[in-house]
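Here's a quick tour of the charged side-chain pairs in this protein. Take a look at the structure below, then read on.

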Amino acid sequence: MATGRGRILQQHWLGLQTLRGPGRGGGAARGRARAFGFRMPSEILLKIFSYLDAVSLLCAGCVSRRFYHLANDNFIWIRIYSTAFSPTRSNWKVNSVEKIAVSVSSLSVQDKEAGYWKKEYIRKQIASVKAALADILKPVNPYTGLPVKTKEALRMFGLGWAIILKEKSGREYIMEHVDLSVNDTSVTVIWYGKNWPCLASLSTLDLCGVTPVFMDWYKTPTKHRLRWHSLIAKYNLSHLTVSTMIGCDRLIRIFCLHPGLLVGVWKKKEELAFVMANLHFHHLVERSTLGSATVPYELPPHSPFLDDSPEYGLHGYQLHVDLHSGGVFYLCGTFRNLFTKKGNIENGHVKLIVIHLKNNREHLPLIGKVGLSWKTGIFDGCIKSCSMMDVTLLDEHGKPFWCFSSPVCMRSPATPSDGPSFLGQTYSVDYVDAEGRVHVELVWIRETEEYLIVNLVLYLSIAKINRWFGTEY
């Protein structure tokens, strides 16, 4: 806060305290004090506003209609704009045209509509954020196909996540995340607390990325700071039904809502216990910062990689898959040089076998006791046979072809498995979305008390492949 601004506001507050006076009638005195503040001449208010920084000025504009119009003053905003985006000495020749344009515009500032320079300032701030994002996310890890500095970007931009619970009456509740953990290719975000709204009154849940309005403001966070909401996904809470329940323990039941949301509900009270979101790193920073409060970030149009040998099918693919929960990894595997023939098509999907059922050398064990850890402010627990699955599939060019993070659960197969059932009970894990399907078969080994993956198959959508490569399978 500038010294001059603090002195002026302090003197103004002392004046209001004098008007309040001793004795009873405090409410009337406070009313007169507020009225005095709003009856203050515009020239004095503009003088006070001229000492404010951009964030404080935007906050002042939210007080009343009069303050909003005064806080749009172009003379104040052109000073803020010129200070923030003044040309540096090192590139004065390159930016001299911009410097002249700003100085000329300031001479005829009243020719612009009210709020013009405020909009210009915000527009350029957003442009600088996009440029910084593009720069920091440019280096790509050749092994994962994902940006190398995703974790650094999360810290740099002060990125957080919030859920907006909407009642059927239209009332909204905004909750910021309580805890998060960063994994190899995803981030797990958790919300819990004592003041959840009644589940029966809720209709939808919005998952949003939350960032400070201005990049450098997260370094000095305050409780009521201005933040930008970027919608990531919308969820319908009426879908918390038996078909979406994936597990339970003695206290809670958990439901999986696509994409990647886990909702915990108390068994006795039928009220919310916690919400957990698993977000894959692929385009996570962009989706969490560049959307709006009502419209998600739209990925740039994809230019097809022309397939010079479509008759040979898919080849040179690489898969990275993690199974984890609460910072514990049950599986962390990378599979290279995956391929499938063109004729290997089933029901609109291309079948890509990662672990062959009949090849014992490819079978993999899961490490530890599989379970999904959860916690609230009072209780915690672990739901057996559930976990988070992160999948990153790279095409032959090393580009992310299919990425997702989602809760999954091991279930007894509906039909008898072809796996080695003599070793123990067989289980399967299945995941489906618009771009493909994952099928995993496991066997419980009684002697060693561990799960063994005996089959892992990806089913890739023909429509996605044709869009990606410009083919006509």
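Let's start with Lys-166, which forms a salt bridge with Glu-172, their closest N and O atoms lying 3.8 Å apart. A salt bridge here is a side-chain nitrogen of Lys or Arg within 4 Å of a carboxyl oxygen of Asp or Glu. Keep in mind that this is a predicted model, where local features need pLDDT of at least 70, side-chain atom pairs count only at pLDDT 80 or more, and totals for chains, interfaces and linings use all residues. Residues are numbered from 1 along each chain as its sequence is written, and side-chain values use heavy atoms, with hydrogens and water left out.

**Lys-166 and Glu-172**
- Lys-166 is partly exposed at 21% relative accessibility (buried is under 20% relative accessible area, exposed over 50%, partly exposed in between, with a 1.4 Å probe and protein chains only).
- Glu-172 is partly exposed too, at 44%.

**Glu-176 and Arg-227**
- Glu-176 forms a salt bridge with Arg-227, with the closest N and O atoms 2.0 Å apart.
- This pair links distant parts of the chain, 51 residues apart: Glu-176 sits in strand E2 (residues 172-176) and Arg-227 in strand E6 (residues 227-236). Strands are DSSP runs of at least two residues, numbered from the N terminus.

**Lys-234 and Asp-206**
- The side chains of Lys-234 and Asp-206 meet in a salt bridge at 3.1 Å, N to O.
- Lys-234 belongs to strand E6 and Asp-206 to strand E5 (residues 202-212), 28 residues apart.
- Lys-234 is partly exposed at 48%, whereas Asp-206 is buried at 2%.

**The wider picture**
- Salt bridges that share partners join Lys-166, Glu-172, Asp-206 and Lys-234 into one network.
- The whole structure holds 8 salt bridges.

Methods: Helix = DSSP H or I, 4+ residues; strand = E, 2+ residues; numbered from the N terminus.
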